[in-house]
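Subject: Structure handover

Hi,

Here is the structure I promised to pass on to you. Have a look at it first, and then read on for what turned up.

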Amino acid sequence: MSSSSSSNPTQAPKILLTKPGLVTSGKFNRGGGGGGQDDDSAALRSRLQSIGSLNLLSDSWDFQIDRFLPFLTDNTEFTVVGVIGPPGVGKSTILNEIYGFDPSSPGMLPPFGVESEENRATARHCTVGIEPRISSERIILLDTQPVFSPSVLAEMVRPDGSSTVTVISGESLSAELAHELMSIQLGVLLASICHIILVVSEGVHDASMWRLMLTVDLLKHGIPDPSSLTFSHPQSSTADKEKDKLLEGGDEYIAAPVFVHTRLRDRDFTPQNFVQTKKALARGFSSSSFMRLKHRDASKEAHSSALASDTQNVDLDPNLKLFLIPSKGRDDSSRPQYESYISMLWKVRDQVLSTSGPSFSRIVSERDWLKNSAKIWEQVKNSPIVSDYCRTLQSSGLFRK
């Protein structure tokens with residue numbers, strides 16, 4: 001949570017529930033089948049936003065706050081939850097559940113658009129940049145474009161193989177390398193400005209998201225949290241100032257991760273696999289900053305998974321929150337199952353809502369959080385550590401020059 005102090009915020013603006021209307025005609029319609037093979041290549045690469053979109057990232061990969069700022073207040077009691085993962089793993093669905101959206105309500109659209117059959121058939125992604133929403137409980141939810149996404153790569157590649165998006169200031173990169181760095185930059189940003197970050201993978205055998213988060217941990221050093229760029233808030237106490245001094249000499253801020261593996265097959269959704277996966281997770285992140293988090297779970301009885309009841313005697317780090325979610329079709333299966341798709345989504349929601357994530361170093365309001373997040377994004381894009389990593393990848397021969 002952002003702080004332990006309360007405030008008397010002004011009347012909050014109306015909460016935006018549904019995603020603003022999409023363009024419904026023309027060849028730029030992301031969900032339609034417009035545009036033939038003779039369309040202009042620039043049109044095929046277009047990242048045109050929805051009309052009235054709240055997207056925090058522009059087409060040029062710059063942070064923009066004007067659209068979302070009116071929905072925020074001077075309240076200092078809020079939580080920021082971000083999500084990152086490859087396409088089609090259920091990132092938006094999980095955020096909709098945390099938001100409290102009821103899909104059975106007639107005439108209500110979800111706050112985050114989910115993948116349709118048409119999008120799945122055409123291998124298109126739903127989310128572009130960072131789509132924010134805020135709930136009535138003042139939970140700021142950040143849905144990000146997919147990482148490792150062929151459709152994202154296809155939209156940013158020029159005929160000569162270079163990138164249409166400048167991800168590092170003053171650098172002209174190949175589309176493949178720029179696409180790789182975009183995923184890292186999104187991860188570094190979320191780890192810096194969120195209290196909780198959901199890391200979503202498909203199945204139990206894909207470790208690509210684990211590797212990405214370890215890279216994020218490696219390259220995040222030197223990036224502050226949003227409150228560090230703000231002068232002392234009027235509600236800041238002596239204890240907060242003492243905590244500032246401790247943070248300056250100790251570990252850097254980093255969001256609390258919650259690892260979620262979705263679309264598990266029948267044979268993978270077992271207590272044994274849960275134990276093995278969490279042991280592998282603990283080994284992989286044993287020396288990372290994520291293991292040094294000093295946050296506490298506000299719910300003493302909350303478990304990392306419903307399967308945890310079968311693994312209570314296993315000595316695993318409690319800071320590592322892991323959830324295994326079966327394929328959606330299993331809810332209609334007549335075979336015995338440990339948990340259904342819906343019940344596991346509820347478990348993830350309850351875990352996030354009951355978790356007290358790491359606090360920012362100072363008290364900060366919602367509006368200042370957004371303004372300072374824009375400054376942090378500039379630091380991420382201009383980070384010398386990320387630039388050095390980029391040059392290392394360039395010289396490795398893995399990416400075209």
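Contact, as I use the word below, means heavy atoms within 4.5 Å. Helices (H or I, at least four residues) and strands (E, at least two) are DSSP runs, numbered from the N terminus. Buried means under 20% relative accessible area, exposed over 50%, and partly exposed in between, with a 1.4 Å probe and protein chains only.

This is a predicted model, in which local features need pLDDT of at least 70 and side-chain atom pairs count only at pLDDT 80 or more, while totals for chains, interfaces and linings use all residues. Residues are numbered from 1 along each chain as its sequence is written, and side-chain values use heavy atoms, with hydrogens and water left out.

Let me start with helix α10. Residues 366-381 form this helix of 16 residues, and its span from first C-alpha to last is 23 Å, close to the 22 Å expected at 1.5 Å a residue (the expected span is 1.5 Å times one less than the number of residues). Its buried residues, among them W369, L370, I376 and W377, pack against β1 (79-84), β2 (130-134), β3 (139-144), α5 and α11 (384-396).

Leaving out residues up to four places away in sequence, E176 touches L153, G161, F399 and R400. The C-alpha atoms of E176 and R400 are 7.7 Å apart, although 224 residues separate them in sequence.

Elsewhere, S289 sits in the loop between α8 (271-284) and β6 (296-297). S289 is buried, as its relative accessible area is 12%. With sequence neighbours up to four places away set aside, S289 touches D217, H221 and I254.

Finally, which helix gives the largest share of the lining of the largest pocket? It is α2, with six residues.

Happy browsing!
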